[in-house]
Amino acid sequence: MGERASPDVVRRMADLLRAGAAMLPERCPICGLPLFRLRSGEVVCPVHGRVYIVRDESEASKVTVQGVLEELEKFVAYRLSEAMRRAEAGQEPAAIDEIRGWLDVLERVERILGMVSVSLGEERRGEERGPSEPRRRGRR
Ligand SMILES: [Zn+2]
């Protein structure tokens, strides 16, 4: 590979491995470093962060949908936490309505994401996700 890994990058790779990430045979399309699959299922480059491995066009469109939905999910989570804070601050009726609305959106996002990621998983060989393990993302 053309790039040589700086000490910084090596440290980041070590951190990824320590966090339970798996090194993949695929390389970052930008810098050529090996990619890592996080326990959450996300694929990241130690330098460029999240990248998508795209093998064909139909997969590319699914990956785009997935990316947009994941953004939406973060947005909804953020708005939910705001609404919760407002409920705690005594504005309950309005805040509860809002929470209900965001939960609706979240439920749909989760459902669609589940469908998209399942079909992505099927097309990938060597996927390391356990057979019965559901999609897990940063839930505390
Ligand atoms: Zn990279």
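This is a short tour of the structure, one selection at a time.

The model is predicted: local features need pLDDT of at least 70, side-chain atom pairs count only at pLDDT 80 or more, and totals for chains, interfaces and linings use all residues. Residues are numbered from 1 along each chain as its sequence is written.

**Whole chain**

Start with the whole chain, coloured by secondary structure. The chain holds three helices and four strands; these are DSSP runs numbered from the N terminus, helices being H or I of at least four residues and strands E of at least two. Along the sequence they follow the pattern α-β-β-β-β-α-α. Of the 140 residues in the chain, 9% are buried. A residue is buried if 20 or more other C-beta atoms lie within 10 Å of its own, exposed if 12 or fewer, and partly exposed in between, with C-beta atoms placed from the backbone.

**Helix H1**

Select residues 7–18. This is helix H1, with twelve residues and a reach of 16 Å from its first C-alpha to its last, close to the 16 Å expected at 1.5 Å a residue. The expected span is 1.5 Å times one less than the number of residues. H1 is hardly covered, as one of its twelve residues is buried. Just after H1, select Gly 20, which takes a positive phi of about 95 degrees.

**The sheet**

Next, show the four strands. They form an open, antiparallel sheet in the order E1-E2-E3-E4. Its edge strands, E1 (22–27) and E4 (49–50), each pair on one side only. Two strands pair if DSSP finds at least two bridges between them. Strands of a sheet pair through backbone hydrogen bonds, either parallel or antiparallel.

Select E1 together with residues 34–37, which are strand E2; three bridges join these strands in the antiparallel sense. Met 23 has Phe 36 in E2 as its bridge partner, and Arg 27 stands opposite Pro 34 in E2. The two strands form a hairpin with six residues between them, and Gly 32 in the turn has a positive phi of about 85 degrees.

**The core**

Select Leu 16, Ala 21, Cys 28, Leu 35, Phe 36 and Cys 45. These six residues make up the largest nonpolar core. Such a core is a set of buried Ala, Val, Leu, Ile, Met, Phe, Trp, Tyr and Cys residues joined through C-beta atoms within 7 Å.

Keep Leu 35 selected and look around it. Not counting residues up to four places away in sequence, Leu 35 touches residues including Leu 24, Cys 28, Val 43, Cys 45 and Val 51. Contact requires C-beta atoms, placed from the backbone, to lie within 7 Å.

Select Glu 26, in strand E1. Glu 26 counts as partly exposed because it has 15 C-beta neighbours inside 10 Å. Its C-alpha atom is separated by 9.9 Å from that of Val 43, 17 residues apart along the chain.

Finish at Glu 107, in helix H3 (residues 92–123). Glu 107 is exposed because it has 11 other C-beta atoms within 10 Å. The C-alpha atoms of Glu 107 and Glu 73 are separated by 9.5 Å, and these residues are 34 residues apart along the chain.

Definitions and conventions:
Two residues are in contact if their C-beta atoms, placed from the backbone, lie within 7 Å.
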